[in-house]
Structure formats: structure tokens, C-alpha cells
Amino acid sequence: MLTSESRLAGIIGVFIAAVVWGTTGTAATFAPALSPLAVGAVAMGVGGLMQGAIAIAAIKRQRRLIAHQWRYLLTGALAVAVYPLAFYTSMRFAGVTVGTVISIGSAPLLSALIEYRLDGLRLTKQWMLGATVGLLGMVLLCFAESGSHSAGGEAGYALAGILLGLLAGFTYALYSWSARRMMQQKIAPRAAMGVTFGAGGLLLMPVLLLTGAPLFAAWNNAAVGLYMALIPMFIGYLCYGYGLARIPASMATTITLLEPVVAALLAVLLVGERLPLSGWSGVGLIIFCLAIITLPVEKLFRCRAAGKASR
């Protein structure tokens, strides 16, 4: 059973991942010539191959265990391949903040439904309260940002962006679940994450070959591609894998609700997007959600109750 120190370390790892992931949408705006498919392919494709490369020794040691869990590997690899294509296209169609909000905001609920349906996991009242608060924040932030862009965009593109964001949220939840299931079958976290993202990266290579020519057309395109692969997708997912080995996938995906907050702040500060009061209210609710989800509220209440009973 994991200790409270291990749980805290897992939470911190996922927090770091969420912060660096929140920079991806803003970074992509500095390379407008790159299609969202190219951005997604270079980010998750190259980053995934790098994760696979550093985990090759662990993968070799546990290749038989991994082979026995091929269903989880195939599920995770396909989800890893689909996720960035849907995610970055969603942001291109619906805007940086809205695309991030829909993609990441839907993931906790979808992750919980996956765990409830496939694992029989019972969700706590604390988690449900935190998720409700976070989703309310997501709704406020989404409507605030979409309202500010409604005059300049077409409704059809916005709807397509929302649907693609939901697909991204589902695939994000799915590869988180499959990677954790592999870890629960005695596969080391580095091996589970490395083989899942390495296989997903291989699946993305044909997309990169077809769409990646503009990466070499200008220095800013190459710089954005390199940043995406190294920081959010390589270092970020190393931190996420570390955390995922120590906390449930539903908690991990809920903590990453911090990502759209970071994306919104960067969009305001660097891209020039404006966030109305309702949007800032959504940001506040998301931060409150993170406090509810991550703090040991139920344990605290039990300690207080025990203290009163002993008096």
C-alpha cells in the first residue's frame, strides 16, 4: 500500500506535468504555418520515441510481462496516437483555451467512467465534489473564452473543435488507464510508459512524414517542434508516469485540470487573448477543485472525530 509521502510525490509529479502541458497551446501559436496534425505528430511522436528510447533496458527486461499485457499496450498506443491529433486540431478550430478546456476538462469524468465500468472502482464523495467544482470551472472558462471569439469564428468550426476536444479527452483518459493497468500487472512505470508512448510514437511517424515538411521551412517552426517534443511531451510525461504509478488515474486526470488554467493565463499574457470575469471565476473554481481533490479531507475529518471522541 502506498504511503502518504508516496501519494504526495505522485501528486507533485502530475502537477509539474500539468504546468508544462499548459504551455503547448501558446507555443503552437508561434508556428502558425504548422498544421495541427504536424504539431501533434512531432510533439507526441518524437516525444514518445524518446520515452521509449530511455526505457529500452526496462522494456527488454520485462518484455515477457509486456507481451502478456498486449491488449493494454495496443489500447494505450492507439490512444496515444489519436490524442495529439485531436487535441491540437481542437485548439486550432476552437481556440487555445477552449480546446484545452474541453480536452482536459472532460478527461476526469471519462477516466472515472472507464475505471467504474472496467475496474469497478468506487468513487469517493470527496472526488465527486472536487470533480463537480472543477467541471463548473471548466464550463465558466469555456463559455467566457468562446464568447470572446464568437464574432470571429464560424459556429461549425467551434462545434468541430468541441467534438475533437471530447475525443482528445477520451483518448487521454484511455491511455492513462491502460498505462496504469500495466503498472498494476507488475510492469515497471518506466517500462509501461516507455513502451506505450514509444509504440504510439511509431504510429505517428507516417503522419509526421506527410505533414512535417514545414518544420524545416523556418527556424521558429523547428524551435516550436523541438520544444514540444522535449519539454511538454518528454519531460512532462516522465513526471506524469511517475505520478501515475502512485495515484489512481482518475485523480491524476483531475489534477491535470490545472493545465487549462495555465493555458488561459499564458493566452492572456503572451498571445493577447482577453479573459472576462466569468473566465477568472472559472480559474478560481478549478484551483479550488484541485485543493478538494488532493488534500486528505476525509482523513482530516476522521482525525477530528477521533479527537472529539477521546475527550
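Helix α3 and helix α6 cross in a right-handed manner, a crossing being right-handed if the near helix is turned clockwise from the far one by less than a right angle, and left-handed if anticlockwise. The structure is a predicted model, in which local features need pLDDT of at least 70, side-chain atom pairs count only at pLDDT 80 or more, and totals for chains, interfaces and linings use all residues. Residues are numbered from 1 along each chain as its sequence is written, and side-chain values use heavy atoms, with hydrogens and water left out.

Two packed helices are described by the angle between their axes and the distance between the axes. For α3 (residues 36-54) and α6 (residues 70-94), the axes come within 8 Å and cross at roughly 140°. Here, axes are lines fitted to C-alpha atoms, for helices over the stretch in contact, and angles run from 0 to 180 degrees between N-to-C directions. That angle makes α3 oblique to α6; under 35 degrees would count as roughly parallel, over 145 as roughly antiparallel, and 65 to 115 as roughly perpendicular, with the rest oblique. The helices themselves are DSSP runs (H or I, at least four residues), numbered from the N terminus.

The crossing of α10 past α11 is right-handed.

Helix α10 (residues 189-211) is also the place of L203. At 43% relative accessibility, L203 counts as partly exposed; buried means under 20% relative accessible area, exposed over 50%, and partly exposed in between (1.4 Å probe, protein chains only). L203 and A41 are 162 residues apart in sequence, yet their C-alpha atoms are 9.2 Å apart in space.

The loop between α9 (155-184) and α10 holds K186, which counts as exposed at 69% relative accessibility. Most residues other than glycine have a negative phi, but phi of K186 is positive, near 75°.

Finally, F30, L265, L269, L270, V271, L277 and W280 make a nonpolar surface patch of about 730 Å². Nonpolar patches join side chains of Val, Leu, Ile, Met, Phe, Trp or Tyr within 5 Å, from residues with over 30% relative accessible area and no salt bridge. Two or more residues come from each of α13 (258-271) and α14 (277-294), and α13 gives the most, with four. V271 lies in α13 and, at 34% relative accessibility, counts as partly exposed.

Conventions. Patch = residues over 30% accessible without salt bridge, like charges linked within 9 Å, V, L, I, M, F, W, Y side chains within 5 Å. Areas by Shrake-Rupley, 256 points an atom, 1.4 Å probe, with all protein chains shown as cover. Salt bridge = Lys/Arg side-chain N within 4 Å of Asp/Glu carboxyl O.
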